[in-house]
Amino acid sequence: MTQIISIANQKGGVGKTTTAVNLSASLAKLKKKVLLVDCDSQANATTALGVDKPALESSLYDGLIGETGIEDMLLPTMMTGLTLVPANVDLIGFEVEMMSAPKREARLKELLVPAADKFDFIIIDCPPALSLLTLNAFSASHSVVIPLQSEFFALEGLGQLLDTIKRIKNAFNSSLIIKGILLTMFDRRTNLSQNVVDDARQYFKDLVFKTKIPRNVKLAEAPSYGLPVVLYDKTSPGAKSYMSFARELLKR
Ligand code: ADP
Ligand code: MG
């Protein structure tokens, strides 16, 4: 059965897109069929996979407003087994235009129905807000992975995110679960990073994945070459950690 996973945290810059892209690529490397859905108007995941946004014929926005079917939005990538639904700045309009549309939270879920049986995983890269797009992502998903930056203030706002997930579970999607919390940008040289890890483990116990993603410059460089890190530098700590994370996720 297809597993649909949202990568979400309303904070920006915590590693959502890096995780969405590199988890998707790592799962593809492990021979899974993966669809990455870029659900952020900043479209960083789309850029990170080397897609020329102005040249796009259609993007997630067209699908969400019902102008294009999912089949016409699927873009193959340079990575075997990895397909992308791209985004662009049009997505900004979605929230406003859908203000009073019926079942506006279920648009993405419905859009994905015909694609579901073609993929083992659908990974959704969420925007940095608890917005209508995130609500769509959560309504369409079986689970949520929360990247947590191993830095001060990391846990701030997490309560709000967990409350939102609970409310969405009650109102729209009773089967939604939190798959786990992923510590990102871990720096083993600082006590601060270790403190965040200790705090997260103390509060969230086994919900915290064993794999930690280290701070690694290759992860930051890879998007500028339009490549996931497993293609950019597969021997880097960043590539190895996302491969470990993919394996851990497959077991969970
Ligand atoms: P978000 O999607 O949550 O806003 P991003 O994944 O775009 O966060 O990450 C924010 C910035 O940090 C980007 O420039 C990205 O390349 C960089 N980055 C993310 N994870 C790492 C990491 N583990 N090591 C080094 N840089 C990282
Ligand atoms: Mg992002």
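Predicted model: local features only at pLDDT ≥ 70, side-chain atom pairs only at ≥ 80, totals over all residues.
Trainee: Why are H1 and H11 called roughly perpendicular to each other?

Mentor: The axes of H1 and helix H11, residues 237-251, cross at roughly 70°. Angles of 65 to 115 degrees count as roughly perpendicular, and the two helices are therefore described in that way. Their axes come within 9 Å.

Trainee: Which residues make the contact between H1 and H11?

Mentor: H1 contributes Asn22, Leu23, Ser26, Leu27 and Lys29, while H11 contributes Tyr242, Met243, Phe245 and Ala246. A pair counts as in contact if the C-beta atoms, placed from the backbone, lie within 7 Å.

Trainee: What makes up this contact by class?

Mentor: The contact of H1 with H11 has six nonpolar, two polar and one charged residues. Lys counts as charged, and Lys29 of H1 belongs to the contact.

Trainee: How do you know that the chain agrees with a compact globule?

Mentor: For 252 residues, a compact globule would have a radius of gyration near 18 Å; the chain has 17 Å, and the two values therefore agree. The C-alpha atoms fill a box of roughly 50 × 40 × 30 Å along the principal axes. The chain contains eleven helices and eight strands.

Trainee: Which residues come nearest to ligand 1?

Mentor: Of the 18 residues around ligand 1, these are Gly15, Lys16, Thr17, Thr18 and Ala220. Helix H1 (16-29), strand S7 (177-186) and helix H9 (217-221) each give two or more residues to the shell. H1 gives the most, with three residues. By class, the shell has seven nonpolar, nine polar and two charged residues.

Trainee: Where does UniProt place the feature "domain: AAA"?

Mentor: The unreviewed UniProt entry places that feature at residues 3-177. In the model, the end C-alpha atoms of this span lie 12 Å apart, and the span is 34% helix and 17% strand.

Technical notes. Residues numbered from 1 in each chain as written. Chains lettered and ligands numbered in written order. Near = placed C-beta within 6 Å. Helix = DSSP H or I, 4+ residues; strand = E, 2+ residues; numbered from the N terminus. Axes fitted to C-alpha atoms, helices over the stretch in contact; angles between N-to-C directions. Parallel < 35°, antiparallel > 145°, perpendicular 65-115°, else oblique. Contact = placed C-beta atoms within 7 Å. UniProt positions renumbered as here; feature names shortened; annotations may be inferred. Rg over C-alpha atoms; globule rule 2.2 N^0.38 Å.
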